[in-house]
Amino acid sequence: MPDPAIVAEDLTYRYGDLLAVDHISFTVERGEILGFLGPNGAGKSTTVKMLTGQLRPVSGRAVLLGIDVARYPKRVQSRIGICFEQPNLYEELSGVDNLRLFARLFNVSDLDVDALLRRVGLDGRGRDLVGRYSKGMKQRLMIARALVNRPDILFLDEPTEGLDPASAEAIRRVILEEQQRGATVFLTTHDMYEADRLCHRVAFINSGKIVALDTPHNLKQQYGKRMVRAELVGPDGALRTREIILDRPETPAEIADLLAREQVVTLHSEEATLEDIFIRLTGRGLA
Amino acid sequence: MNVAAIWALIQKDVRLYFANRLFALVTALGLVAYVTIYFLLPATVDETVRIGMVIPSLPPALADALADDAVQISQFASADELRAAVAAGTVTIGFAFPPDLYDQIRQGARPAVELFLAPEVTPDLVSVYEAAGRELSFSLIGQELPVTISEVVLGPDLAGAQIAPRQRMLPLFAVLVLMVECLGLASLIVAEVEQGTIRALLVTPLTMRGLFLAKSLFGSLFAFVQAVVLMAVTGGLAQAAFLNLTALLIGSVLMTGVAFLIAALGRDLMSVMGWGMLALLIMALPTFTVLIPGLAADWVRLIPTHYLVDTIYRSLNFGAGWSEVGGNLAPLAGSALLLLAMGMVILQRRFA
């Protein structure tokens, strides 16, 4: 069995008196997509920076692809790709020039720039200056840049934040393609729909600690409630909502009673979302 | 170290530099302006002293004694005419002796001699002209001082070969060219920090050392090339070419260090300009001591560009060679390396 792609052991980081990451430990298997969910200030970006060699942990260690990141950051960085939350492209250069520059930094001599741009939906726009790109286009180029060195691990920080649905879907498609190629993906996001859809496992981080780490299905099973939500017409003619928790002994009787006694307008079954679970576990939302 | 990566970064910086229209224009127009101003400035110095006199009669012996290529004597009929000539700039100074000069002297009186001075005569020369007027008066009455004065010029005799204004300006132009590139490099770095592209570079195999090497090479070579163009076009490489090229190269490295420091302090273009103006003022001070020799002071030697300016100025105007000014290169190089190291250490913290 190959070593995990990512091993975090007791990672800790402080910004002055603020304990941003509090002794977190986890592993990510090769070829896995791990979602890292948490609100702003939870410690997601700091964790990513420690894993990618941008910050040195105060204690603990990170091992990527069997390499200690703190000791050999450049060896690790030559095999990973990073898509930052905020675009940090050279806006005075074209998309092609941005990619070629980073290809040279990674010593990649056989990069097919046009094919890469096509993959992220930027074909025909590679020669334009990045300063003229829309937000979605810049984000696509950021993804393309992260793929220049065919990374073994891809770190994506909020890759679809603020994007239109088409751009977001294009990026999700690329993420899945990379995972199928064998890359490991470490995805930080607020978007529980994205995490639910893409990730093999998700980790909830809050105030620097991991509060849960499991597959979305298991988290919902363990922490979520399945329910039926009904919209009813009340005595005053106004619509009201009633929820009936499923999987209880009295559930069938409650549903029968509902249908018999009330004027039901709509009836839907629902399962808990990851955000619902996060709120239940931490008392706060993902936003 | 990945040489291809370093070269790629230098190429990228060249493109980014010229993508900034302000610096592209200032670089190109600046060079043109400095060269133009250089050739518009006088190539020679007019050493002629124009003296006007109102005198009853000029003894032939005295006329012979005053005859000199550098002195032009003009006689005027009256003090009013002489006053008007001085005011108009026709003559620089005028001595107006009274018409009954010799009669007053024979009668034991003290004739009054008027000394008219043009406004541009500096205060330190007024007493010199007063003394000349007294000696002239003694000569006129036939009572010369019983002394013989012999002139000894300590150093190069610049009589007839005064340093032209354009030659005095050349070190200032060289420093300005280097400083403009320094500001350009600082702005480039600050923009990269603010845009986050430095962070993107540093999560690749590129090391901090490689990044600074690329920036240092770009900054130094770019500034050096422009300084060489300036000096070549203005004839500044006609003498002691290798010495001056070496000094300019070290000066370029010095300015790169200054650029790193400015970038470490600046947060945006405005703050870079602010810090840059302060640096420019300090670095340009030694050039003013060349323009106005009376400004020279020992503390100017604390400014690293003094050694660059002194090398260029003395090699071009006094024929100084390696033995005379080669020693300047050591403090210049030491300052350059110190500023470069300081700049890297402080700037590195902004990159992290």
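Analyst: Two strands are said to pair if DSSP finds at least two bridges between them. Helices (H or I, at least four residues) and strands (E, at least two) are DSSP runs, numbered from the N terminus. The model is predicted: local features need pLDDT of at least 70 and side-chain atom pairs pLDDT 80 or more, while totals for chains, interfaces and linings use all residues. Residues are numbered from 1 along each chain as its sequence is written, chains are lettered from A and ligands numbered from 1 in the order in which they are written.

User: What is the order of the 4 strands in the open sheet of chain A?

Analyst: The order is E2-E1-E4-E5, with antiparallel pairing. Strand E2 (18-28) and strand E5 (67-68) of chain A each have a single partner strand, so they stand at the edges, and one side of each has no neighbour in the sheet.

User: How do you know that strand E1 (residues 6-15) of chain A and strand E4 (residues 59-64) of chain A are joined?

Analyst: The two strands share 5 bridges and run antiparallel. The definition asks for at least two bridges, so E1(A) and E4(A) count as a pair. Within the pair, Ala8(A) stands opposite Ala62(A) in E4(A). Helix H1 (residues 44-51) of chain A packs on this sheet, where it touches E1, E2 and E4 of chain A, and its direction makes about 120° with that of E1(A). That angle is taken between N-to-C directions on a scale from 0 to 180 degrees, with axes being lines fitted to C-alpha atoms, for helices over the stretch in contact.

User: What makes a hairpin of E9(A) and E10(A)?

Analyst: Strand E9 (residues 201-206) and strand E10 (residues 209-214) of chain A run antiparallel and are joined by 5 bridges. The hairpin has 2 residues between its strands, and Ser207(A) in the turn has a positive phi of about 50°. Ala203(A) faces Leu213(A) in E10(A) as its opposite residue.

User: Which residues in H1(B) meet H9(B)?

Analyst: Ala5(B), Ile6(B), Leu9(B), Ile10(B), Asp13(B) and Val14(B) in H1(B) meet Gly210(B), Leu213(B), Ala214(B), Leu217(B) and Phe218(B) in H9(B). By class there are 9 nonpolar, 1 polar and 1 charged residues in this contact. Ala, Val, Leu, Ile, Met, Phe, Trp, Tyr, Cys and Pro count as nonpolar, Asp, Glu, Lys and Arg as charged, and the others, Gly among them, as polar.

User: At what angle do helix H7 (residues 165-195) of chain B and helix H10 (residues 241-265) of chain B pack?

Analyst: The angle is about 35°, with the axes 8 Å apart. H7(B) passes H10(B) in a right-handed crossing. Residues of H7(B) in the contact include Leu178(B), Glu181(B) and Leu185(B), and those of H10(B) include Ser252(B), Met255(B) and Ala259(B). The contact has 14 nonpolar, 3 polar and 1 charged residues.

User: What is the pairing in the open sheet of chain B?

Analyst: The pairing is mixed, and the 4 strands follow the order E2-E1-E3-E4. Strand E2 (71-75) and strand E4 (114-117) of chain B have a single partner strand each, so these are the edges. Strand E1 (residues 49-54) and strand E3 (residues 93-96) of chain B run parallel and share 4 bridges. Helix H4 (residues 79-88) of chain B lies across E1, E3 and E4 of chain B, at about 170° to E3(B).

User: How many residues of chain A are in contact with chain B?

Analyst: 18 residues of chain A are in contact with 19 residues of chain B, contact being C-beta atoms, placed from the backbone, within 7 Å. H3(A) gives the most to the side of chain A that touches chain B, with 4 residues.

Terms used:
Two residues are in contact if their C-beta atoms, placed from the backbone, lie within 7 Å. A crossing is left-handed if the near helix is turned anticlockwise from the far one by less than a right angle, and right-handed if clockwise.
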